[in-house]
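Colleague: I have a few questions about this model. Please show it before we start.

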Amino acid sequence: MSTLSLGRSLAALVAVIALAALPYAIKEVYYVNIASQILLYAVFALGLNILVGYGGLVSLGHAGLFGIAAYVAAYLLVAGHGHLLAIAAALVASLVATAGFAALSLRSAGITFIMITLALGEIIWGLAYRWISLTNGDNGITVPARPAPFGIALSSARPFYVATLIVFLIAIAAAGIFVRSPFGAALRGTRDQPRRMNALGYHVWMIRFWALMFSGLLSAIAGILFVYYNQFISPQALALTASAESLLMVISGGAGTLLGPVVGAALVVIVKNVVSAYVERWNFMLGAIFVAIVVLMPEGLVPGVARLTRSIWRSRTRAKPNLPLTMGPRQ
């Protein structure tokens, strides 16, 4: 193993240990809940990043896939079904909806793809808002209880955070394997040179289809975590604002990186839930931060900070003078 790989492995291990110790180091339950929010939105942003960062396809309808999973899980739980059935059905329903998304939106790319996903997301939001007999409209659906896997109740903040952390770690590991696999390389090829990939015999549409399916799976997992976290789901979670915020997480943190969506999710969640308590116009502040990131670090925070660190290190290395050899005393 090279020194760089060993350093990355150690850094990842330290990060995991720090995340695991976080809920026990923080005394206030509110901030533990904020950490859980960051992790579940990081899973959502990771799913969108598969499309945006690695596939070159910008979606403004992913909140619809997120919301379908949340609504199906909530509806079945309220109907008296078990948590396992509710989670499985939510994942299946979201994957079926994702396949429909793919069939309709992958006919094109660029601005047309964005507009189709936007329209599909708005259709799902409209159904959630108007189909009152199923979704309860603006009043939403309240989930009676959280699950208790292996007899461990997740009703309090710290156990739920640990469960969310486990799901997050599995999601980021799966995303890492996905993007580093030959399929991930093919997906990046369809982003950069789709015509050349077609000429080489790759099925561009099918590659994008399976990328969208994996993206939808991660979005569904985030939706299930969301409905268990809030124990409530309403049409607001499916609105265009939710899709735009997830896209903001990806772009601000760094599209095409694994750590970028996590950093972006932390930024947006902290500004929305912590900074907003002290700053009345937090929306303006979030917009200003995003503009500053786009202007100063157009590639995103994570790649931008890495580039800046390398530049500072190189400049310091070059600035060191070549000291002459010390001569001994003359005899």
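Colleague: Which residues does Pro147 touch, not counting those up to four places away in sequence?

Modeller: The model is predicted, so local features need pLDDT of at least 70 and side-chain atom pairs count only at pLDDT 80 or more, while totals for chains, interfaces and linings use all residues. Residues are numbered from 1 along each chain as its sequence is written, and side-chain values use heavy atoms, without hydrogens and water. Contact means heavy atoms within 4.5 Å. On that basis the partners of Pro147 are His83, Ile152, Ala153, Leu154 and Tyr228.

Colleague: Is Pro147 buried or exposed?

Modeller: Pro147 sits in the loop between strand 1 (141-142) and helix 7 (157-180); helices (H or I, at least four residues) and strands (E, at least two) are DSSP runs, numbered from the N terminus. Buried means under 20% relative accessible area, exposed over 50%, and partly exposed in between (1.4 Å probe, protein chains only). At 14% relative accessibility, Pro147 is buried.

Colleague: How far apart are the C-alpha atoms of Pro147 and Leu84?

Modeller: Along the chain, Pro147 and Leu84 are 63 residues apart. Their C-alpha atoms are separated by 8.8 Å.

Colleague: How many of the 17 residues of helix 3 are buried?

Modeller: Helix 3 covers residues 62-78. The rest of the structure largely encloses helix 3, because the number of its residues that are buried is 14 of the 17.

Methods
The expected span of a helix is 1.5 Å times one less than its number of residues.
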